[in-house]
Structure formats: structure tokens, C-alpha cells
Amino acid sequence: SLTYKKSIQVFFDYPLLGSIQETLSRNSLGQINSFGQHSQILDTFALYGFGIGVLQIYIYMKPMFIRLFTGIHLNALSVTVLVSFIIISVFNNVTPSIGLSVFFIYPTFNELLTNNKKYN
């Protein structure tokens, strides 16, 4: 899609510090149109460059990685949430409700399932 290509091209134009270092072009309504604005991960790499882009991925994925690698076995819920979150954040913008689910609802639900298995 054109929006993804635009974000990728902007990232390749400004790989280290991102396009935020330049004056971003705006349309007649004042909206920024210098990048694709349709993928959370690609847009962050385009706007802020490699350093902030990798930091964003680390912060987003940390709750799932903690639960994946602290147990003896792979948790199917953690794998499912991780794959789903990656797909959502690559192909769409991440909203605050997704953040709420990944950082609060998912860990709580995962702990409830883990504790339930311990007592059964």
C-alpha cells in the first residue's frame, strides 16, 4: 500500500534521527502528511528513527516477553497476544485502548490463569 511505502521511504531517508528533525509538511487542514500514518511501528521509525523505533518495540513487547520467558513452558496466551499485537501495530495505528489491554488486562488475566493452574 502507498501509506506503508511512504513510511518506509521516509525511514530510509532519515534512518538515525527520523523525519522529526526536518520541517514536516502539512496539508491545507494542518494535518501532517510527511509519512504514511497507517502503521504504528513504521510511522514511529519514520518519525523518530532507529533508536526510538527499537525502544518503542521493546516497551510495547516487554509485558509479553516477561511472561513468555519467565516460566518453564511457553504460555499459549502470551504467544497469541504477542503475535496479535505485532500484527495490529504493523498494519494499523495503536490506540490507547490497545495499550490498556496489553499493559493491564492481559497481565492480570495471565496471572489469574497461572495461579489457577497452580491450585488445580
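## Aromatic pairs

In this predicted model, the structure holds five aromatic pairs. One of them joins F45 and F50, whose ring centres lie 6.3 Å apart. The planes of the F45 and F50 rings stand at 45 degrees, so this pair is classed as tilted; an angle over 60 degrees would be needed for an edge-to-face pair. The two residues can also be described by their accessibility. F45 counts as buried because its relative accessibility is 13%, and the limit for that class is under 20%. F50 has a relative accessibility of 48% and therefore counts as partly exposed.

A further pair is formed by Y60 and F85, with ring centres 5.6 Å apart. Their planes meet at 90 degrees, so the pair is edge-to-face. Y60 belongs to helix α2, whereas F85 belongs to helix α3, which covers residues 76-91. The pair thus links distant parts of the chain, as the two residues are 25 residues apart. Both Y60 and F85 are buried.

## An aromatic cluster

Which residues form one aromatic cluster? The members are F11, F12, F45 and F50. Two of these names, F45 and F50, are those of the tilted pair described above.

## The contact of helices α1 and α2

Helix α1 comprises residues 2-13, and helix α2 comprises residues 40-69. Their axes come within 8 Å and cross at roughly 15 degrees. Because of this angle, α1 is roughly parallel to α2; the class requires an angle under 35 degrees. The crossing of α1 and α2 is left-handed.

Which residues of α1 and α2 meet? On the α1 side they are Y4, S7, I8, V10 and F11. On the α2 side they are L42, D43, F45, A46, G49 and F50.

## The chain as a whole

How many helices and strands does the chain have? There are four helices and zero strands. Along the sequence, the elements therefore follow one another in the pattern α-α-α-α.

Of the 120 residues of the chain, 32% count as buried; F45, Y60 and F85 are among the buried residues. Among contacts in the chain with a separation of 6 or more, 65% are accounted for by residues 24 or more positions apart.

Methods:
Residues are numbered from 1 along each chain as its sequence is written. This is a predicted model: local features need pLDDT of at least 70, side-chain atom pairs count only at pLDDT 80 or more; totals for chains, interfaces and linings use all residues. Side-chain values use heavy atoms; hydrogens and water are left out. Axes are lines fitted to C-alpha atoms, for helices over the stretch in contact, and angles run from 0 to 180 degrees between N-to-C directions. Angles under 35 degrees count as roughly parallel, over 145 as roughly antiparallel, 65 to 115 as roughly perpendicular and the rest as oblique. A crossing is left-handed if the near helix is turned anticlockwise from the far one by less than a right angle, and right-handed if clockwise. Contact means heavy atoms within 4.5 Å. Rings of Phe, Tyr and Trp (its six-membered ring) pair if their centres lie within 6.5 Å; planes under 30 degrees apart count as stacked, over 60 as edge-to-face and the rest as tilted. Buried means under 20% relative accessible area, exposed over 50%, partly exposed in between (1.4 Å probe, protein chains only).
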